[in-house]
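Hi,

Here is the structure I promised to pass on. Have a look at it first, and then read my notes below.

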Amino acid sequence: MSQTEEIVEQCLKNYTYVFQKDILKDKVAFITGGGSGICFTIAEIFMRHGCNTVIASRNFSRLQKSAKTLSYVTGQRCLPVQMDVRQSQTILSAVDAALKEFGKIDYLINGAAGNFLCALDRMSFNAFKTVMDIDALGTFNVSKVVFDNYFKEHGGVIINITATLHFRGQALQGHAGPAKAAIEAMTRHMAVEWGQHGIRVMCVAPGPIADTEGLRKLGGGLFPERLKFIEENIPIQRIGERVDIADICLFLVTPAAALLTGTVVVADGGCWLTDDNGLARMKLVKSVL
C-alpha cells in the first residue's frame, strides 16, 4: 500500500456480545482518532451497545466516510468533527458541536497519536516535540476542554490510550515512549483531582494489534521476522485484535468497573514480558531509513 493510499475502514463482520446490547443506551462518547484503527473499532463497539459517538481527527474526509459506515452498520448516530488536538480552539469548537448535537458527553476516549521509527541520535528537535505535542499535550488539551465544558458538573469517564513502549525502553521509540509515560502520569493526577467531580480516569495500553497502522509501520511491515517472533513468544500465543481493545474500553465505562480509576490496563497478552526491546534491530533500521 502506498503512503498516499487511504485505508477505508470496515466494521466487524461478526461480533460476540459479552455485555447486554443496550448497556450504553443513550450514552455519548467523544473519541479522538476515531476515524481509523483501534479507535474506529472502539466507536463501533460502543455504538453496537447503544451509544452515540463523536469521532474527531484532522482528516475530515476519512471521518465522514467512517461516520457513515459506523451509523449504517450500528443504527446509532455518529458525528464527525474536524479537530487538531494541539490546537485548543479547534477542540473547543468540536466539543461545542458535540454538545449542540447530543446535549452531553459521557465518555472521552483520547486515542489521537503520532509515531514513527527513529533512533534518538537521528531525531530532530521538531520530530520529538511533534509526538509529545500530539500524544501528551493533546491528551491534556482535550481532557481539559471536556472537563471545563461538561465533566466538571456532570461527571464522566476518560480513557487514555497509551502503550507499553516505556516499560523497558523500546529502541527507536524514544519519542513515543516518553509521551505515553507522561500520559500515564497525567492520568493519575487527573484521577486524584477530578474524582470528586464523579470522573474516573484510566489508561489502556495495547501491545501489538493486528490490522493497525502501528503494526504495519512499526512492526510487521518493515520487520516481518519481528511479527513472527512476537506470535511465537507472546504468552497467550496470539496477536491482539482491535476488538479486544474495544471490549476492554467497553468494560471500563460500565458500572462493572466503578471502582477503577488512576490505573493502567495493560492489554497485550503478556507481550511486553517476553518480547525484546528492539536494540538488535537498530543498526538495520539505520541502514534502511
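These notes cover a helix, a strand residue and some aromatic rings.

The model is predicted, so local features need pLDDT of at least 70 and side-chain atom pairs count only at pLDDT 80 or more, while totals for chains, interfaces and linings use all residues. Residues are numbered from 1 along each chain as its sequence is written, and side-chain values use heavy atoms, leaving out hydrogens and water.

Let's start with helix H5, residues 176-194. (Helices, H or I of at least four residues, and strands, E of at least two, are DSSP runs numbered from the N terminus.) Its buried residues (under 20% relative accessible area; exposed is over 50%, partly exposed in between, with a 1.4 Å probe and protein chains only) include Ala176, Ile183 and Trp194. Among the elements covering them are helix H4 (125-154) and strand E5 (156-161).

Rings pair if their centres lie within 6.5 Å; planes under 30 degrees apart count as stacked, over 60 as edge-to-face and the rest as tilted, with Trp represented by its six-membered ring. By this rule there are 4 aromatic pairs. One of them joins Tyr15 and Tyr17 edge-to-face, at 4.8 Å and 80 degrees. Phe147 and Trp194 are stacked, because their centres are 4.2 Å apart and their planes at 10 degrees. Phe147 belongs to H4 and Trp194 to H5, so this pair ties together parts 47 residues apart in sequence.

Finally, Phe30 lies in strand E1 (residues 28-32) and counts as buried, at 0% relative accessibility. Its contacts (heavy atoms within 4.5 Å) beyond four places in sequence include Val54, Ala98 and Val142.

Best wishes

Notes
The expected span of a helix is 1.5 Å times one less than its number of residues.
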